[in-house]
Amino acid sequence: MKKSIIDFRRMAAEGEKIVYLTGYDYLTAKYEERAGVDMILVGDSLGMVTLGHETTYPVTMDDMIAHCSAVRRGAPNTFIVGDMPYMSYQISDEEAVFNAGRFTKESLVDAIKLEGGTDSVCERIKAIADVGILVMGHIGLTPQFAAQMGGYKAQGKSADAAIELVKQAMKIEEAGAAFILVEGVPAVVGKAITEKLSIPVLGIGAGSYTDGQLLIYADMVGYYDDFTPKFVKKYADVGGELLKGFTAYCEEVRSGAFPDDSKHAYVIADEEAAELEKLLKEI
Ligand code: KIV
């Protein structure tokens, strides 16, 4: 059964870890639901992982809606979070609410996520939460702010920077967020934020103390190999398996070993084959 915000609050209160993974397409979502993942993030990381962009900046609302809809079809009984892409919420409360509404109406996600802990992001969180949409905040290493951070670097590594993140998290909770995701911070910072907040705190590269863990699925199954962050653990070698299968297929097509007509081809009755041969001679 699909979990709701009530279940996630209870899990966080009782110390039952929330399992969170990204997903971008129908098939992957189907396997994630089968495995028992609690929550799927259709992250704008799909720009890099699935669409081959160098950053997440080019991802559009239409991309997000298409991929969230596919994930919804693959995982009808899993809580899905749609990521607000770059410039879909920064301009005004009105645009933010409009785009969050599009997510909810057109792709049936259960919550939306937006990045940043500034006052204007907190205003957007409040505006979206006020219309009844569940919001997940996201602080720490926030890829949409990569230019300002000088790249994809761990955040909160000094006491001042860490306390600033804790304050941002508290403001996001106050603004009405239902959850917060903390990315790329030392474990002690993930712990401090989790202890200070009463909403569920999810972490990616934020240590073991947060209420749940997120990874980019393509990293943890060994599929995306352009780069792998330090905090990723590999649970499978999907890339290796794909390469094995594709290479064997190339070899067999080239050698003629595939297809084997006794196994991989349609047949017709002998008398139809004989008749066909006759007809072929006549043309
Ligand atoms: O887009 C995404 O997948 C994310 C994660 C990196 C946290 O926001």
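Helices here are DSSP runs of H or I with at least four residues, numbered from the N terminus, and their axes are lines fitted to C-alpha atoms over the stretch in contact, with angles running from 0 to 180 degrees between N-to-C directions. The model is predicted, so local features need pLDDT of at least 70 and side-chain atom pairs count only at pLDDT 80 or more, while totals for chains, interfaces and linings use all residues. Residues are numbered from 1 along each chain as its sequence is written, and side-chain values use heavy atoms, without hydrogens and water.

Helix α5, spanning residues 93-107, packs against helix α6, residues 119-130, with the axes 9 Å apart and an angle of about 50°. On the α5 side, D93, A96, V97 and A100 make the contact, and on the α6 side E123, R124, A127 and I128 do; contact means heavy atoms within 4.5 Å. Five of these residues are nonpolar, three are charged and none is polar (nonpolar: Ala, Val, Leu, Ile, Met, Phe, Trp, Tyr, Cys and Pro; charged: Asp, Glu, Lys and Arg; polar: the others, Gly among them).

Helix α6 also meets helix α8, residues 159-175, where the axes come within 8 Å and cross at roughly 25°. That angle makes α6 roughly parallel to α8, and this crossing is right-handed. Here α6 contributes D119, C122, I125 and K126, and α8 contributes K171, I172 and A175. By class, four of these residues are nonpolar and three charged, with no polar ones.

Note on methods
Helix = DSSP H or I, 4+ residues; strand = E, 2+ residues; numbered from the N terminus. Parallel < 35°, antiparallel > 145°, perpendicular 65-115°, else oblique. Left-handed = near helix turned anticlockwise from the far one by under 90°.
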